[in-house]
Amino acid sequence: MAGGLTFTAADSTKLATAEYYGKALCELGEQHPEIVALTADLAKSTKIGMFGDKFPERFFNVGIAEQNLMSMAAGMAKAGLVPFVSAFSVFTSLRAADQVHANICYQNANVKIIATHGGTSFGQAGSTHHAIVDFAIQRAFPNMTLVCPADGMETVNAVRAAYETPGPFYIRINRGFDRVVYDSTDYGFQLGKAQTMRDGTDITIIACGSCVFTATQAADFLKNADGLSVRVLNMHTIKPLDVEAIRKAVDDTRRIIVAEDHTVNGGLGSAVCEVVAEYGKGCAVKRLGWQDSFSTIGLHEDLMNIAGIDQNGLASAVREVMNKDFEADDNWDDEV
Amino acid sequence: MALTKQEWVALEKKAHELRTLCLDTTNWAGSGHIGGGLSCMDILTMLYHKHLNLSDDPNWEDRDRFILSKGHAGIAYAPALISRGYNDVEQLKTFNLTNSKMGIHLDSNKVDGVDASTGSLGHGISIAVGTALAARVQKKSWLTYCITGDGELNEGQVWEAAMAAAHFGCTNLITFVDRNNCMIDGRTEDIMALEPLADKWAAFGFIVKEIDGQNLNEIDDAIEFAKANTTNQPVLILCNTKKGAGIANIEDNYLWHYGAMDEAMYEKSKAELAAYHQARLVRAEREGS
């Protein structure tokens, strides 16, 4: 499956995450003539144009019309093609929500939405261009699979998984460059299975997207500074969620912090809370992300700091949760 | 190439059969979108009994595609599908009932022969542009047909799709507007004016053919015209129709967007459909070649 990969981690300093997507899509396009690509005046920005340069007869730019974009893709899928659709995540999720709901998800149409400029990664553009509600929306749609890769290599795996998984599929990637989490695609990516980045016994950080890197940094820092054993899970697949890994975190660490570049309402944090609550065992959970507030203008790194999902924010949250006395007798087993 | 008298009369009988089935289904279901169903029944008749290239297998890969953008006309669409042998006629007796496969908006995953689940208005032409381009990518010669309502032309997405159909030169897409002049709250021109509608479509790059949408011969001519189109512009058939066509006591009345009938009204409507059919047969005999 890794055959044909023509780039390595060494390229990561030169390749934006979307460029990994573009390359992966071109590779798939070589092998599968039924793949078509669509965008809404974002061929260059989303890098889907790389596919268009290679396969112009299978590429459709519909102009600035995201609703038409999604419905057209649904029609193509129903007629036997496998459309990959790219636009900014804020518009794929909000402007075209009705079309994704009624034409793609309801029909279980085989459409792959690769939504770029996820979270607050288009920092300077401000809240109209920040996607901080897309997980909540896409997660609510029946039939939808939802993935938020940690970096470029994981994006390649996610794009391949999207092709191999029948039905609607949403991948959220960032604008620009991501910090490198994986130096190759061969690390055992499995759709629906969290990746353990650091094992630990004191507390678990569950993260997705750009928060995976900051979570590993925070874990390493806390190990050295506080002697804490912090487990870090890369929850790249938000739906279907790895329930088993979350329950294991409850059992093993009893403390969970969830980090996402998203509002704390309805996204990964909410999804984790649902699992914890239904599990019925005592566990302290703290959701980090945008606290029911709009984002602001700035560099993505600064915005992650403001939202408390950078290394410092995560380390502070871990210390706060570790220092709280949730259990008088220190016996968590009687909390069920 | 007009319909022969014999062909016309046979198609009139089919249209009457379908109108009757639509009325019966409204009666079985207790209520329904009979107004907007009947206004497009003649177009459906011409598609399902003359022009759509279909086989017994509703999933045949090379079939022509049909997208009902005005999805609420499922009560007319279902009888048309059944008359082509897709789905059992008995299913109409369960229309709208709990756990029925059929309801107001037909589901492509549940009802054989439905190429797209529609219902949210303004989506259909976009979906049809998608299937038309899919035929092109796969080098297939099948056609895509789409019926849109007139009220739903208020939706902005319709015009996104119109731009795309013209931009991509989708001449393998034939679009009908069921221009019955009615929407839920009133006449289209009172609620949100559409005129000059033909000019709007022309300005968006379509070749517009305006016809009487309750005349089978004119529908046939327009479809033949669209099929013979050698330009790179798609054809739009603007069908002037009447809401509730065939039932005098509901005809052209916007209040009959959705409604229920009691037994007396059902019987009266049935009689009116029969009289309407007779008048249409006389026209076919008179005007048919």
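A:Asn108 is partly exposed, as 17 other C-beta atoms sit within 10 Å. (Buried takes 20 or more other C-beta atoms within 10 Å of a residue's own, exposed takes 12 or fewer, and partly exposed is in between; C-beta atoms are placed from the backbone.) This is a predicted model, where local features need pLDDT of at least 70 and side-chain atom pairs count only at pLDDT 80 or more, while totals for chains, interfaces and linings use all residues. Residues are numbered from 1 along each chain as its sequence is written, and chains are lettered from A and ligands numbered from 1 in the order in which they are written.

Helices (H or I, at least four residues) and strands (E, at least two) are DSSP runs, numbered from the N terminus.

| Residue | Phi | C-beta atoms within 10 Å |
|---|---|---|
| A:Asn108 | near 55° | 17 other |
| A:Asp41 | near 60° | 15 other |

A:Asp41 turns up in the loop between strand 1 (35-39) and helix 2 (43-46) of chain A.

Now for the inside. The largest nonpolar core has 200 residues, and A:Leu69, A:Ile205, A:Leu314 and B:Val129 have the most contacts inside it. Such a core is a set of buried Ala, Val, Leu, Ile, Met, Phe, Trp, Tyr and Cys residues joined through C-beta atoms within 7 Å.

Which residues of helix 13 of chain A are buried? They are A:Leu314, A:Ala315, A:Ala317 and A:Val318. These cover an arc of only 160° around the axis, which puts them on the same side of helix 13 of chain A. (The arc is that of the directions from the helix axis to the C-beta atoms.) On the other side of this helix, A:Glu320 and A:Asn323 are exposed.

What about the two chains together? In chain A, 26 residues are in contact with 25 residues of chain B, where contact puts C-beta atoms, placed from the backbone, within 7 Å. Helix 4 of chain A gives the most to the side of chain A that touches chain B, with nine residues.

Methods. Two residues are in contact if their C-beta atoms, placed from the backbone, lie within 7 Å.
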